[in-house]
Amino acid sequence: DVTFESVASMSGLATIAQLDSAERKSRLESARRAIATHPLVTAAIELLGAARAIYATQADADGDLIAIDTALAQAYNSRLDGANAQRHAELAIARAEVLADRAPMPLAHALMTHGVALQRLGRGAEAMANFERAQALFERAGAEGLEGLASVLHNRGWVADAQPDYVAALGWYEQALARKRALLGPDHPSTLNSEMSRSSTLGRLQRLPEAEAALIALLPRVERVMGGKSQLLQISLNELGSVRQDLGHYDAALTAYQRALATQQDQEGGNPSAQTAITINNLASLHEDRGDLAAAEALVDRRGAEVQ
């Protein structure tokens, strides 16, 4: 989650994992590009745009327009179009401000979405300010705001992670995780996402044995809940491989990377992707650490073929 999360007014959580190192960021960008180019994202933007045009001509449609602009901002965030995401989030915020005294939730959701757009545009301090304000609104909403509160705490970890302030990020992720476990249960996809983010941050803090134990405990639950081909499973396996590699447990790291690669190739049906190329890069790095330069070079050549 190492993530951002958004909660639409009438939907469940949508999450995307964000990782820190150059290779991990590349892995995330691969996943994001797959979502950005998905035809359902394009269809959602087209449908919401048509709905907005209709409601914009009607009186007393502010509530509907807030929801539509927030949803459009979320869709543009998924498309990696920060400028349009920011524009629609700001339209939603302007309308929601008027209603905030009696209905804080629409403004909280719009601020969350705006924060994601700002972080994507490299404006982390402004993003954190949006999340902080959204947090206060979710807290004010009481029981209705509990799920949003958990997600905004997670997002504050996401911003801190990118700064990078891993100590602060870990604190936010742990707060989000505790709330999600209590509210959604330990095996909800959103809970698993925050657990993944916490585990990854432990690794970046060089708390490697803790990170390894957490990832080992997480993997079977991710596979059971989200399936054997899920993006979260693939990322978790690569994270486990990275932690084991840092520990010097090269054989165990190799097992994790190979499983990630097999999962990706099974999902892709033989069509290479950037995601596969990154796992191959991880394997090459592992072979280099082991002193097997010939194997590393062969994998680098293979990685180039996958990217092409």
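Colleague: What should I know about the model first?

Modeller: The model is predicted, with local features needing pLDDT of at least 70 and side-chain atom pairs pLDDT 80 or more, while totals for chains, interfaces and linings use all residues. Residues are numbered from 1 along each chain as its sequence is written, and side-chain values use heavy atoms, without hydrogens or water.

Colleague: How are two packed helices described?

Modeller: By the angle between their axes and the distance between the axes. Helices here are DSSP runs (H or I, at least four residues), numbered from the N terminus. Axes are lines fitted to C-alpha atoms over the stretch in contact, with angles from 0 to 180 degrees between N-to-C directions.

Colleague: At what angle do helix H3 and helix H4 cross?

Modeller: The axes of H3 (residues 62-78) and H4 (residues 82-99) cross at roughly 155° and come within 8 Å. H3 is therefore roughly antiparallel to H4 (an angle over 145 degrees).

Colleague: Which residues make that contact?

Modeller: With contact meaning heavy atoms within 4.5 Å, they include Leu-65, Ile-66 and Ala-73 of H3 and His-88, Leu-91 and Arg-95 of H4. Leu-65, Ile-66 and Ala-73 are also among the buried residues of H3 (under 20% relative accessible area, 1.4 Å probe, protein chains only).

Colleague: What follows H3?

Modeller: Leu-80, with a positive phi near 65°.

Colleague: How do H5 and H6 lie?

Modeller: H5 (residues 104-120) and H6 (residues 124-140) have axes that come within 8 Å and cross at roughly 160°, so H5 and H6 are roughly antiparallel to each other. Among the residues that meet are Leu-111 and Met-112 in H5 and Phe-131 and Leu-137 in H6.

Technical notes:
Helices (H or I, at least four residues) and strands (E, at least two) are DSSP runs, numbered from the N terminus. Angles under 35 degrees count as roughly parallel, over 145 as roughly antiparallel, 65 to 115 as roughly perpendicular and the rest as oblique. Buried means under 20% relative accessible area, exposed over 50%, partly exposed in between (1.4 Å probe, protein chains only).
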